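Please read the points below with the sequence and the model side by side. They are meant for someone meeting this structure for the first time.

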Amino acid sequence: MNSFGRLFRVHIFGESHGESVGINIDGCPAGLSLKVDDFLNDIERRKGGTQKGTTPRQESDLPIFKSGIFNDTTTGAPVTILFENNNTRSGDYQKQRAVPRPGHADFVAHQKYGGFEDYRGGGHFSGRLTVALVAAGVIAKKLLQAASPTGNNTGISVVASILEIGGEKDLEKGLQKAIDAKDSIGGIVECRVNGLPVSLGEPFFDSAESLLSHAVFAIPAIRGIEFGTGFAAARMFGSDHNDAIANMSGTTITNHAGGIAGGITNGNELVFRIAVKPTSSTPKLQQTLNWETGAVEAFSVKGRHDLCIALRVPVVLEAITAIVLADLMLTEQKIPRIIHT
């Protein structure tokens, strides 16, 4: 459904053109210092309109704390944060109601919910809801910084960056390809985590890769994920792919496994990459079904959309990663139930 996690459990809600979107976080330890200013940097990174190739839709996205925070500190009760939707143009979607947009969830949502779904801007399926995930990520990152059985800052860092757009390492060149074609384009985003302890994750179904992959696919537009060497491992010899252990801390000479062995973090850098599809909403003329007439017809998406969604994904990927890791750290009791900040 709309929840994820065991001890650090997040529940996402809202629609793109509804009154607001938001997040409820159950299991956040008490005593964590939390102010509006803590959220501004990551929220700004996620916004459209601030960089070439992103949607011109702009929202202030100031977090509104509704529960779980008192005197700028978490209380141990569920934390609820809202983000208002003010800059909407719902009329753009009313005009195209009869033609489900190719690549979007319009058709399947209509079938699943019997036509009662909120179709404006993609409704509950919209990337707009990732602002709520970013907010949960801000809290999760702060918990990772507070995590240490000895009281010392572990220095766990979660950093994501764009590796390529449209197959080009030169991001401007890749973006220009889409501009010239008057079309949208995809990209690859990499996430690196340093400072993780050995032992996070379980064999098989709750492996660190399984949980990260599960959460990552909650980000709209993700088409694939690989850890470490990833798919390139299929073309390697075992003797080349194996990571030789160099010391008693488990540091390996190479890191083809991407920091996970047997489903459990091994203390090396966690490295994985995701494939982000081209934005489904493109001005390019396409063919789609008109479910009122039953005929296939020419169609062009109207409204305000990202040229390349990948541009806004890094901070969302950091958030998702931090959420998963914070939950695993709490499960392993590596984050205290009361934070002293």
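1. A residue is called buried when its relative accessible area is under 20%, exposed when it is over 50% and partly exposed in between, with a 1.4 Å probe and protein chains only. By that scale D42 is buried, because its relative accessible area is 9%, whereas R45 is partly exposed at 32%. The model is a predicted one, in which local features need a pLDDT of at least 70 and side-chain atom pairs count only at pLDDT 80 or more, while totals for chains, interfaces and linings use all residues. Residues are numbered from 1 along each chain as its sequence is written, and side-chain values use heavy atoms, with hydrogens and water left out.

2. Helices (H or I, at least four residues) and strands (E, at least two) are DSSP runs numbered from the N terminus, and two strands pair if DSSP finds at least two bridges between them. On these terms there is an open sheet of 5 strands, in the order β1-β2-β3-β7-β4, with antiparallel pairing. The edges are held by β1 (3–4) and β4 (64–67), each of which has a single partner strand, so one side of each is left without a neighbour in the sheet. For β4 the pairing with β7 (residues 79–84) is antiparallel and runs over 3 bridges, and the bridge partner of I64 in β7 is L82.

3. Side chains of opposite charge can pair when their charged atoms come close. A salt bridge is taken here as a side-chain nitrogen of Lys or Arg within 4 Å of a carboxyl oxygen of Asp or Glu, and by this rule the count comes to 19 salt bridges. One of them joins R45 and D42, with 3.3 Å from N to O; both residues lie in helix α1 (residues 37–46), 3 residues apart, which is about one turn of the helix. In another, D306 and R312 have their closest N and O atoms 2.8 Å apart, and both of these residues are buried. Salt bridges that share partners also join E190, R192, E226, E269 and R273 into one network.

4. Which parts of the chain does the salt bridge between K141 and E318 link? Its closest N and O atoms are 2.8 Å apart, and the pair links distant parts of the chain, with K141 in helix α4 (residues 130–146) and E318 in helix α8 (residues 313–331), 177 residues apart. Both K141 and E318 are buried.

5. Axes are lines fitted to C-alpha atoms, for helices over the stretch in contact, and angles run from 0 to 180 degrees between N-to-C directions. The helices α4 and α8 pack at an angle of about 50°, with their axes 7 Å apart.

6. With a disulfide defined as a pair of cysteine sulfur atoms within 2.5 Å, the count comes to 0 disulfides. C191 is buried at a relative accessible area of 0%, and C308 is likewise buried at 0%.

7. Two backbone details may be checked in the loops. N71, in the loop between β5 (69–70) and β6 (73–74), has a positive phi of about 55° although it is not a glycine, and N71 is exposed at 61% relative accessible area. K182, in the loop between α5 and β9, has a positive phi of about 50° and is not a glycine either; K182 is exposed at 60%.
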